[in-house]
Amino acid sequence: MNLPNHASVVVIGGGVMGCSTLYHLAKAGVSDAVLLERNQLTSGTTWHSAAQVRALRSSRNLTDLIRYSISLYSSLEQETGQSTGWINKGSLSIASNDDRLQFIRRQEALAKMYGVSASSVSVGEARERWPMMNSDDVIGAVWSPEDGRVGPSDLCAALVKGAKSKGARIFEQTGVTGIKTRDNRIIGVETTQGEIDCDAIALCSGLWSRKNAAMAGVEVPVWPCEHYYLLTNPIDGINGNLPTLSDHDSHLYIRDDSGGLLVGCFEPMGKAIDPDRIGEDFAFQLLPEDWDHFEPMLENAMHRLPCLADADVRMLLNGPESFTPDGSFLLGESAETGGLFLGCGMNSVGVATGGGAGMALAHCIVHGHTPTDLHEADPKRYPSCFNSVAALTARVPEILGTHYAIHYPGTQLHSARNLKLTPLHSRWLQHKAHFGQFFGWERPLYFECQQAPQLSFNKPDWFDQVGREVAYAHQHAAIFDQSSFGKIGVRGAAAETFLNRVCSNDMTRPTGRAIYTPMLNERGGYESDLTAVRLGDDEYRLYVGTSAIRRDLAWLRRHLLPGEQVDLSDQTEAFAILALMGPDAAAIATRLGADELNQLGFFRCGEAQIAGIPVHAVRLSYVGEAGWELCCKVNHAESLYDALIAAGAQPAGIFAQSSMRIEQRFLAFGHDLDTDLNPVQAGLGFTLDWSSEFIGKSALLPIRHQTPASLLVSIQFDDVDAQPLGNEPVYNQGKIVGKTTSASFGYRVGKPIAIALIETQETLDGLKVDVDIAGSQNAGTIHTAATWNPIG
């Protein structure tokens, strides 16, 4: 069979992700789609997958992808006549310490919120479900009956059969040697069998995706690690299929396999492997056994299953799987090259997620967006510094080890750090900052940290220090380092017209004004929220979130009209931003010779000199205290900071800032805002200029005067010791009515607080609710206004 001259979409990679994407493209009517596989279908990672399918994930939309997978895997045989090997025997998650028990109970609460079946069971019931288990140290368990497993090769065969029946074609033994682009858009592929012109590419080539994407000028930070599981010969007592046993304290997953056992692990520190060492011809192959590396996991397994001591080992399977710098996969269009869509870096959940992820990727290709918000998987979430070999080989072994780790509040990764330092990093070291990494940047979480914090679900080690930082901002004046915020220059004769189209607020305001505005998609949901300052008739600067710069720049560039006179530039690393906030800010400005700042009205900006240092000041606040965001060139940042400190200010970190912004109900993209939520639901209707023709207006007009089905509100808890983290179900009269989106302790109100998305009721303000925190109901009261009075 010869290659076609043209295909609407070319899928690269014949594993589960590629096969699923092809199937869903064909199902959506893209009947000329083709799949290219350099060897044979499933020959890379898919064929040796343990193929566990666990429904619950960290968000509803990620969970729904797997629930879609489960539905698809159980119905494909009826559609195609090809069995997928789907076995639904559930999973049992056990806990052998208090923190793990609290963690799995938090997961149980999540499951109930997402409509996934999950329930706590006693140790005795857990033993009944897994009689071979040593339960002496088990203190609790959660049973998830919807989970199961599938035959990975059978699954791909069914997907391929379904795709072919709808017109799609598959070419094995066809390696991609080049990707053709024009004006930063995909126009074709070059292969060992010839060329194909195409409109889009779905890159689903697993651990080879980084190398393949580079052909199109795209950075894809994925890197393989070795992944192990042990297979035994048949063992007495195993009759039929068992549930999957998840012993995450021991880093293990265990299930039956052909009358014996499969014992897999995500050990605390994995082993990275160079893709070049694996080679281009690696097909249906495995890596060498490494018993020394696996031995600690085997000891854990023998403790949990004493029968292993006498078991006959069939093999120790070692296969490569690709991982990313944050443990989430990549799904969506690349930032650099239009028409290159990524579905890779699956972090060992490719089979579980593949059905839903392939559906979502096909939807993205056909419709221009994923079916629901999947910002956690957006390929544009990574900075370039994570694409280096050094960063990836340091990070991915740790990522493998976090697969079964307890996700405590305040958790930070330890590898691949200090990739990007803010201009004040040396000053933060002097103040004993405890750092967090955001988009590669090292940002101070809090100060005066004498030793690494002991993480837990209880009151954190940093509680009192953050309280002192909030108090200083509230009673005096604090400095918040916002230098890592993205800064986008927009310049040109059409700058105003362009921004009035991509932003929903009125961007025609005069020079010297700051404008808070969303950028919306065609469905009226948030793509970003940002602050714009107008620097001149034809010039603006946009301040966006630290992690949003790549995504927002790509969005802006793709909405430029042909010939539109607008120049976009990334100015992030050219300027530092210090936010001076608190009641003493005015006196500090006067003391340093910048009294004119006190004349600026709210959301006004202007030039000034502070201690002789030129700054551009914007009068606004993200923390609810009066002050300014002071922007200066990076080489002036230390001098500006030193002058502010000498005049009486003190530094405050991100934890203090987060607490204060949640008290104010100031919203954050990725927590409270996403591409599914609109400004009406967010209570930010004032950011919509109905007189302009902004993107998303047509979707919002029909609901402009309607009461939304859900609203973002504040919750203040009754119990001062409650520990909300966000993403917890909210109950009213025994019914789930919403979820928390952000949470913290509110030091100014003296109570734990949260922002929550709640179903609209006739009277929300003052409504009594309960928030499920690890199975414990915590009472609180809804406030439709901020829990702390906003500044004037």
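Keep in mind that the model is predicted.

**Stop 1: the largest cavity**

Start inside the protein. The structure holds two cavities of 30 Å³ or more. Select Glu 219, Glu 336, Pro 379, Lys 380 and Arg 550 to find the largest one. Among the 14 residues that line this cavity, these five lie nearest its centre. The space inside comes to about 70 Å³. What classes of residue make up the lining of the largest cavity? Seven are nonpolar, three are polar and four are charged.

**Stop 2: the second largest cavity**

Next, select Arg 443, Pro 444, Phe 480, Asp 481, Ala 652, Gly 653, Ile 654 and Gln 657. Together they line the second largest cavity. Its volume is about 50 Å³. Now colour the secondary structure. Which elements each supply at least two residues of this lining? They are strand 21 (441-446), strand 22 (478-481) and helix 17 (654-663). By class, the lining of the second largest cavity has four nonpolar, two polar and two charged residues.

**Stop 3: Gln 571**

Look in the loop between strand 27 (567-570) and strand 28 (575-581). Is Gln 571 buried or exposed? Gln 571 is buried, because its relative accessible area is 18% and the cut-off for buried is under 20%. Show the residues around it. Leaving aside residues up to four places away in sequence, Gln 571 touches Lys 487, Gly 489 and Arg 541. Zoom in on Arg 541. The side chains of Gln 571 and Arg 541 make a polar contact at 3.0 Å.

**Stop 4: Ala 611**

Move on to the loop between strand 29 (605-610) and strand 30 (613-618), where Ala 611 sits. Check its backbone. Phi of Ala 611 is near 55°, a positive value in a residue other than glycine.

**Stop 5: Asn 727**

Finish at Asn 727. Where does this residue lie? Its place is the loop between strand 33 (710-717) and strand 34 (729-732). Asn 727 is not a glycine, yet its phi is positive, at about 70°. With a relative accessible area of 23%, Asn 727 is partly exposed.

Definitions and conventions
Residues are numbered from 1 along each chain as its sequence is written. This is a predicted model: local features need pLDDT of at least 70, side-chain atom pairs count only at pLDDT 80 or more; totals for chains, interfaces and linings use all residues. Side-chain values use heavy atoms; hydrogens and water are left out. On a 1 Å grid over the protein atoms alone, a cavity is a set of points where a 1.4 Å probe fits but cannot get out, and a pocket is an open set with protein on both sides within 12 Å along at least five of seven lines; lining residues have an atom within 4 Å of a point. Grid points are joined across faces, edges and corners, and a volume is the space filled by probe spheres set on the points. Ala, Val, Leu, Ile, Met, Phe, Trp, Tyr, Cys and Pro count as nonpolar, Asp, Glu, Lys and Arg as charged, and the others, Gly among them, as polar. Helices (H or I, at least four residues) and strands (E, at least two) are DSSP runs, numbered from the N terminus. Buried means under 20% relative accessible area, exposed over 50%, partly exposed in between (1.4 Å probe, protein chains only). A polar contact is a pair of N or O atoms within 3.5 Å; within protein, one must be able to donate a hydrogen and the other to accept it, and residues adjacent in sequence count only if both atoms are side-chain atoms. Contact means heavy atoms within 4.5 Å.
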